Amino acid sequence: MKKILLLLLFTTSIYGQIFEVNSDEELCGQIQLAMEYIKADKELKTRNFRFDSKIGNGWNYGMYFSTEYVAYQLDIEKEKVFEFDKTKTYPISKKLENTKREIKDLKLDCVNKKRKPNVEFSKLDKDNLLIDITTNRVGKEGSNGTAYLFFFENGEILKVYKEYWIE
């Protein structure tokens, strides 16, 4: 039994979930495609991107994009998630709800840690990437920004969802 538990612990990926891990090349490709998309977004209020060299294990998916993530996983429209079979939507929603915030270091050539970063990454599965960009900081009291959830297929962006946030 101890051997099985140890095996499970060692097979958990760097991102905190059990799934197929992106290679460094794949992850860099996803980050570069996503940043090209973000740089083309005329509504974004910042063009100064300072990357954090860490990646989360799915945090903020549940806060910003739970409906979108569930819809994508079930290949349905996000407007139909609440009408869909609960036995299929509930396990995915529960996975998002139970995700504990864990952050791991990235050792990628395409992401160099900058002082006072405003761009954070989070990844729940191999085919998606959440990028959270802080656009304004108001001292220690709060900040606001934009979060993007990208879904990839065969090295290309398939879907993008965008949410504004304030804290």
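Trainee: Which elements each supply at least two residues of the lining of the largest pocket?
Mentor: This is a predicted model, in which local features need pLDDT of at least 70 and side-chain atom pairs count only at pLDDT 80 or more, whereas totals for chains, interfaces and linings use all residues. Residues are numbered from 1 along each chain as its sequence is written, and side-chain values use heavy atoms, with hydrogens and water left out. A pocket is an open set of points on a 1 Å grid over the protein atoms alone, where a 1.4 Å probe fits and protein lies on both sides within 12 Å along at least five of seven lines, and its lining residues have an atom within 4 Å of a point. With helices (DSSP H or I, at least four residues) and strands (E, at least two) numbered from the N terminus, the elements asked for are helix 3 (61-64), strand 4 and strand 5.

Trainee: How much space lies in the largest pocket, and which residues are closest to its centre?
Mentor: The volume, taken as the space filled by probe spheres set on grid points joined across faces, edges and corners, is about 230 Å³. Of the 16 residues in the lining, the closest to the centre are Glu120, Thr134, Ser143, Trp165 and Glu167.

Trainee: How do the residues of that lining divide by class?
Mentor: Ala, Val, Leu, Ile, Met, Phe, Trp, Tyr, Cys and Pro count as nonpolar, Asp, Glu, Lys and Arg as charged, and the others, Gly among them, as polar. Strand 4 gives the most to this lining, with four residues. By class, the lining of the largest pocket holds five nonpolar, six polar and five charged residues.

Trainee: Is threonine 146 buried or exposed?
Mentor: Threonine 146 is found in strand 5. Its contacts (heavy atoms within 4.5 Å) include Leu44, Ile131, Tyr164 and Trp165, not counting residues up to four places away in sequence. On a scale where under 20% relative accessible area is buried, over 50% exposed and in between partly exposed (1.4 Å probe, protein chains only), threonine 146, at 4%, is buried.

Trainee: Why is the disulfide of cysteine 28 and cysteine 110 called left-handed?
Mentor: The search of the whole structure finds one disulfide (cysteine sulfur atoms within 2.5 Å), and the sulfur atoms of cysteine 28 and cysteine 110 lie 2.1 Å apart. Cysteine 28 lies in helix 2 (residues 24-39) and cysteine 110 in the loop between strand 2 (103-105) and strand 3 (119-122), so the pair ties together parts that are 82 residues apart in sequence. The disulfide is called left-handed because the torsion about its S-S bond is about -90°.
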